[in-house]
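Subject: Structure for your files

Hello,

Here is the structure I said I would pass on. My notes on two parts of the chain follow below the entry.

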Amino acid sequence: SVNSGISWSLVKDDYNSGEGNGVTASFYNNSKNYFIVYDQKIWTSSDFGISWTKINDDYNGAEGQNSYVATADKNNNIFIIEGDQDVWSSSDSGISWTKISTDFNGGNGNIFGLVSDSNNNLYAVDAQADVWSSVNSGTTWNLVKDDYNGAEGNNADAMTIDSNNIVYILDSQDVWSSSDSGVSWTKINDDFNGAGDSENGKSIITDSNNYVYVIDGGEDVFKSTNSGAGFTQTATNFNG
């Protein structure tokens, strides 16, 4: 979409040429290269998703764990957190990888969001609704918030961050935000898609205007121009 989520075009049918219908995570780096991580494989595109190259067929070797979340920082380092909560990093655009942390959240369970701020600090949210941060590129992690949603349930579906370093967490139909590096959280929207629409959110992201977008389980697209306080539906079943 080139018009803020109103209309959508298929730019690539089957990015991985029949290797399986799936995506674990997708993201841009600071050089506007687009990456898709799928289980243990990594694909990249330098032409905004039109053509794709597999750059790594098994980023963690014989370990066997699949990825859960991935992102890139402003220095184009890439980070993956996998199913055993080990953290891996790559400084050469995904070609080679190093494990930098083992079970970083101490058995707290799977990770459902990972972002990097303008200072290259990392933030992650896990299955216990705990928020973690790393100020040294994923080597060590600190628990910055125990239970971000105040006992409303141990859940998170996705995470994003804007250029003002406001972090957002999507939790079913709720949107939470933090403006102090994940220390305190406010529920800014408790039903982003409104009454009568029971679909939970699946993905959340911000654009260069700091508008917030959510796609729900019906493939409907919602847009917020006021930092998540209110959303407007911009597209219905965008991928048909």
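Two strands are taken to pair if DSSP finds at least two bridges between them. The model is a predicted one, and the notes should be read with that in mind.

**Strand β7 and its partners**

Strand β6, residues 78–82, runs antiparallel to β7, and four bridges join the two. Within this pairing, F79 is the residue opposite S89 of β7. The hairpin that β6 and β7 form has four residues between the strands, and Q85 there has a positive phi near 65 degrees.

β7 also pairs with strand β8, residues 98–101; this pairing is antiparallel too, with three bridges. Here W88 has K99 of β8 as its bridge partner.

Side chains in a regular strand alternate between the two faces of the sheet. Is strand β7, residues 87–90, covered on one side or on both faces? Both faces are covered: V87 and S89 are buried on one side, and W88 and S90 are buried on the other.

**N16**

N16 sits in the segment before β1, which spans residues 25–28. Its relative accessibility is 1%, so N16 counts as buried; the cut-off for buried is under 20%. A polar atom of the N16 side chain lies 2.8 Å from the backbone oxygen of G20. If neighbours within four places in sequence are left aside, N16 is in contact with Y38 and W43.

Regards

Note on methods: Residues are numbered from 1 along each chain as its sequence is written. This is a predicted model: local features need pLDDT of at least 70, side-chain atom pairs count only at pLDDT 80 or more; totals for chains, interfaces and linings use all residues. Side-chain values use heavy atoms; hydrogens and water are left out. Buried means under 20% relative accessible area, exposed over 50%, partly exposed in between (1.4 Å probe, protein chains only). A polar contact is a pair of N or O atoms within 3.5 Å; within protein, one must be able to donate a hydrogen and the other to accept it, and residues adjacent in sequence count only if both atoms are side-chain atoms. Contact means heavy atoms within 4.5 Å.
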